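Open the model in your viewer and keep the selection tool at hand. The stops below say what to select next and what is found there.

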Amino acid sequence: MLRLALSRIDNRAIAEEVVQESWLTVLRSLDKFERRSSLRSWVLGIVVNVARSRARAERRTLTFRHPGDDAAVDPSRFLPADHPRWPHHWAVDPIPWPTPEQQLLAGETHQVILDAIGALPDTQREVLVLRDVEGLSTDDICKVLGVTDTHQRVLLHRARSRVRHAIERYFATGKKR
Amino acid sequence: MMDSPLPEMPCQALVELITDYLEDRLSPGDRRRFEAHLADCELCRMYVDQFRQIVRTLGRLPAESLSGEAQAALVAAFGGLSRR
């Protein structure tokens, strides 16, 4: 089973997890085995399915960067892929915010937000302002900026993540920039 | 055909997908995994809540409080659109 898993997933630790998951599935599903194939084929079929799902998920979750781009959230905030218990979970936790939402525009955080918007790369700022501040439709934004819907969403997400991070950093450190 | 157990979506994956989730652009499978993770992860719940607060707060920003550059973006944008 492990060899089969390793043929699809070239990470031994993950392949071992695939085998464990497969065994659990076998045990859970044994009453559904209809003897159309040998037990061995059936079990290996399960390994193939689990390995495929896992390989897909790992590609998605381990490749946070689109080619040539940065992730919206700094990868150093998270535990590495080979962490024994919590790979890709928070390493530096988000903190609760001391200011209620309605007060975010009332005090110093208002300027933090404005500064964060000003510090954004041009296209991220454009999308954020047009979309979240001005409420333009996605269609109009794509027309105006000449970007695809998907790209617009990527830019928007990065911009929002940066503004959120600026507020978090302010609450964590008192630094306004 | 056997269903394989869906692998979990970890925190680092979830934070990249929040806008897609809010725009309802996730596949049904990804949406399920996203919501399943949120149900179990208090830190991500807090993160997503803060993210939403930022989006709502941006919507309350008066446009004239923006910097000159941001305002220029608006002027350019409205120049490129027919009147609604």
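Begin with chain B, where 45% of the 84 residues count as buried (buried means under 20% relative accessible area, exposed over 50%, partly exposed in between, with a 1.4 Å probe and protein chains only). This is a predicted model, in which local features need pLDDT of at least 70, side-chain atom pairs count only at pLDDT 80 or more, and totals for chains, interfaces and linings use all residues. Residues are numbered from 1 along each chain as its sequence is written, chains are lettered from A and ligands numbered from 1 in the order in which they are written, and side-chain values use heavy atoms, with hydrogens and water left out.

**Chain B as a whole**

Helices (H or I, at least four residues) and strands (E, at least two) are DSSP runs, numbered from the N terminus. Of the contacts in chain B with a separation of 6 or more, 50% are accounted for by residues 24 or more positions apart; contact here means heavy atoms within 4.5 Å.

Now select D24(B), in the loop between α2 (18–22) and α3 (28–40) of chain B. D24(B) is not a glycine, yet its phi is positive, at about 60 degrees. Is D24(B) buried or exposed? D24(B) counts as exposed because its relative accessibility is 53%.

**Chain A as a whole**

Switch to chain A, which has seven helices and zero strands. Of its 177 residues, 46% count as buried. Among contacts in chain A between residues at least 6 apart in sequence, those joining residues at least 24 apart make up 52%.

The chain A average is 85, and 89% of the residues score at least 70. Where in chain A is confidence lowest, and where is it highest? The lowest is in helix α1 (residues 2–8) of chain A, at a mean of 70, and the highest in helix α7 (residues 149–173) of chain A, at 96. Then select residues 61–68 of chain A, over which pLDDT stays under 50. The model has 16 contacts beyond four places in sequence for residues 61–68 of chain A. Where pLDDT is low, the predicted coordinates should not be read in detail.

**Inside chain A**

Select I46(A), in helix α3 of chain A. With 3% relative accessibility, I46(A) counts as buried. Beyond its neighbours within four places in sequence, I46(A) is in contact with S22(A), T25(A) and V26(A).

Move to the loop between α3 and α4 of chain A and pick H88(A). H88(A) has a positive phi, near 70 degrees, and is a residue other than glycine. Its relative accessibility is 8%, so H88(A) counts as buried.

H89(A) lies in the loop between α3 and α4 of chain A. H89(A) counts as buried, at 13% relative accessibility. Which residues does H89(A) touch, not counting those up to four places away in sequence? They are R77(A), F78(A), L79(A), E8(B), P10(B), C11(B) and H37(B).

**Where the chains meet**

Show both chains: 59 residues of chain A are in contact with 48 residues of chain B. About 5100 Å² is buried between chain A and chain B, 64% of it on carbon and sulfur atoms; buried area is the accessible area (1.4 Å probe) that two parts lose on being put together, summed over both.

Four salt bridges are found across the interface of chain A and chain B, a salt bridge being a side-chain nitrogen of Lys or Arg within 4 Å of a carboxyl oxygen of Asp or Glu. Select R131(A) and E23(B), which form a salt bridge with their closest N and O atoms 3.1 Å apart. On the side of chain A that touches chain B, the elements giving two or more residues are α2 (12–29), α3 (39–62), α4 (108–118), α5 (122–133), α6 and α7 of chain A.

The last stop is T138(A), in helix α6 (residues 138–145) of chain A. T138(A) counts as buried because its relative accessibility is 18%. Beyond its neighbours within four places in sequence, T138(A) is in contact with R131(A), D149(A), Q152(A) and E23(B).

Note on methods
pLDDT = per-residue confidence, 0-100.
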